[in-house]
Amino acid sequence: MGRCPFVASCRSTNIHHIDSTLEKGLVVKNTGSWYIVKTDDGRYVECKIKGNFRLKGIRSTNPVAVGDRVSILTNTEGTAFITEIEDRKNYIIRRASNLSKQSHIIAANLDQCMLVVTVNYPETSTIFIDRFLASAEAYRVPVALVFNKTDLYTEDERRYLEGLIHLYTHIGYPCYAVSALHNEGIDDVKQALAGKVTLFSGNSGVGKSTLINAILPEQHLKTGEISTAHNKGMHTTTFSEMFPVAGEGYLIDTPGIKGFGTFDMKDEEVGHYFKEIFEFSAGCKYGNCTHRHEPGCAVREAVENHYISESRYTSYLNILEDREEGKYRAPF
């Protein structure tokens, strides 16, 4: 478990309880059962959620997320409670595991996301990448892709990596090729973090904790091994936490995720969240074209002529299939 960047121990006497007054602050750590809030005057307060807080029409397994601006109140017993969440400018959300009608908010009030992916050890599927990108587009969060573990790749895997970087850069997503283990390419990532609130996300095992340690070596985050039997990673981060970076920015570390179920997307909207599909859809014969079987579909023509990649089109169809089945299906 990584140590808290603000206090020696998040349950130590350095956490201040406050008088019975309403204060505002930033949620900087979330374990699922309690939260650390950095108040506007710079103190760090351990908080709970009011018991009825979850009943206010929020269809989420975690109504409070790291990055939220909140109001907190201490009762006469000295326990601090989160009483209100301020309006969010954006957030990243996915379908909660095994709960098709509930969501899980990964983080809120973001300037950007960095999705950490790997060509192998383990392999990150393009379906996972595209689901994440589509969700980020839906909630207006810019994304960069960080391709990690370049030191491990074979010649064929390097060629595949170059192809992916060309694809996503051309669409409009900045890409970084790094080796967190050997500290290669890290400076470019650091520069992109300065002064911004950045969510780091990715599959379990892609080296996210190792990457954060390379960026912020003072944090000493726990890192894990890859299962050689299944070439999949194990969770090493078990909660979400914000770490300060240069220029008054923050880096948000979150637990690794295996699948990414999109949430609250209507069929006719899905194509809007694939930049190139949305661009070509303007040429479709029908305004409500689903780009699957309609005559005069400019998107399918663009796929056939290689202006839209088959992998991206497959990811688009995959999201539509999930919605038709009425459930989330993991992309592995």
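Figure 1. Buried here means under 20% relative accessible area, exposed over 50%, and partly exposed in between (1.4 Å probe, protein chains only). This is a predicted model, in which local features need pLDDT of at least 70 and side-chain atom pairs count only at pLDDT 80 or more, while totals for chains, interfaces and linings use all residues. Residues are numbered from 1 along each chain as its sequence is written, and side-chain values use heavy atoms, with hydrogens and water left out. Look for eight helices and 15 strands; helices (H or I, at least four residues) and strands (E, at least two) are DSSP runs, numbered from the N terminus.

**Figure 2. A close-up of the largest nonpolar core, which has 72 residues.** A nonpolar core is a set of buried Ala, Val, Leu, Ile, Met, Phe, Trp, Tyr and Cys residues joined through side-chain atoms within 4.5 Å. Ile82, Ile92, Leu110, Val143, Leu145, Tyr168 and Leu199 touch the most other members. Helix H1 (residues 126-138) gives the most to this core, namely seven residues. Another core, of 21 residues, lies apart from it and includes Ala144, Tyr176, Phe200 and Leu211.

**Figure 3. Leu199 and its contacts.** With neighbours within four places in sequence set aside, the contacts of Leu199 (heavy atoms within 4.5 Å) include Ile92, Leu110, Phe132 and Ile252.

**Figure 4. Ser179, in the loop between strand S10 (175-177) and helix H3 (186-193).** Ser179 is buried, with a relative accessible area of 0%. Leaving aside neighbours within four places in sequence, Ser179 is in contact with Asn148, Lys149, Thr150, Asp151, Glu184 and Ile186.
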